[in-house]
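Please view the sequence and the structure together before reading on.

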Amino acid sequence: MESVFEVIAEPSRRAILSLLVSSQQSVGEIERQLGMPQPAVSKHLRVLREAGFVESTVDAQRRLYRLKPEPIQEIDAWLAPFRRFWSAHVDALERHLDRMGHTSEDRSTPAKGKTTGKQRGPNRERRKGETK
């Protein structure tokens, strides 16, 4: 069996998971929304089901697929230390900027620099009336 990371490494599987975040869907609905052929959708759903990412129920003549939270929770748990690492670095940057006297407004507004127009290279001709 593939690890959860090997399963989600495949872009089509990630696309299917993204569709299932909002609601359960049939193979036909997934096929139409992703523009994938039915055999490919079924193959990816089988891999996702075997890895525990999705489960299916039968509704009349359709099979509906929905997300299962456990593998997503496993990924979330693995990412937690990285989030703390990133968050600590962002917090340190914010403290540094605050010590430098920048406000959050300063950081969100691009600096307004003086524009001097185009610089002239040494081999460019001067415009009429220009002096050295």
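## Basis of the report

The structure is a predicted model. The values given here are therefore computed from a prediction.

## A nonpolar patch on the surface

Four residues, Phe5, Trp78, Leu79 and Phe82, form a nonpolar patch on the surface. Together they have about 380 Å² of accessible area. The main contributor is helix 5, which spans residues 69-99 and gives three residues to the patch.

Leu79 is located in helix 5. Its relative accessibility is 33%, so Leu79 counts as partly exposed, given that this class lies between the limits of 20% for buried and 50% for exposed. Trp78 is likewise partly exposed, with a relative accessible area of 45%. For Phe82 the relative accessible area is 45%, and this residue is also partly exposed.

## Aromatic rings

How many aromatic pairs does the structure hold? There are two aromatic pairs. Trp78 and Phe82 form a tilted pair, with 4.8 Å from centre to centre and 40 degrees between the planes.

Which residues of helix 2 are buried? In this helix, formed by residues 11-22, they are Arg13, Ile16, Leu17, Leu19 and Leu20. These residues lie on the same side of helix 2, because they cover an arc of only 160 degrees around the axis. On the other side of helix 2, the residues Pro11, Ser18, Val21 and Ser22 are exposed.

Several elements cover the buried residues of helix 2. They include helix 1 (4-8), helix 3 (27-34) and helix 4 (38-50). Strand 1 (25-26), strand 2 (54-59) and strand 3 (62-67) are also among them.

Ser26 belongs to strand 1. Is Ser26 buried or exposed? Ser26 is buried, because its relative accessible area is 7%, and buried means under 20%. When residues up to four places away in sequence are not counted, Ser26 touches Arg62, Arg63 and Leu64.

Key:
Residues are numbered from 1 along each chain as its sequence is written. This is a predicted model: local features need pLDDT of at least 70, side-chain atom pairs count only at pLDDT 80 or more; totals for chains, interfaces and linings use all residues. Side-chain values use heavy atoms; hydrogens and water are left out. Patches are made of residues with over 30% relative accessible area and no salt bridge: like charges are joined within 9 Å, nonpolar side chains (Val, Leu, Ile, Met, Phe, Trp, Tyr) within 5 Å. Accessible areas come from the Shrake-Rupley method with a 1.4 Å probe; for residues, only the protein chains shown count as cover. A salt bridge is a side-chain nitrogen of Lys or Arg within 4 Å of a carboxyl oxygen of Asp or Glu. Helices (H or I, at least four residues) and strands (E, at least two) are DSSP runs, numbered from the N terminus. Buried means under 20% relative accessible area, exposed over 50%, partly exposed in between (1.4 Å probe, protein chains only). Rings of Phe, Tyr and Trp (its six-membered ring) pair if their centres lie within 6.5 Å; planes under 30 degrees apart count as stacked, over 60 as edge-to-face and the rest as tilted. The arc is that of the directions from the helix axis to the C-beta atoms. Contact means heavy atoms within 4.5 Å.
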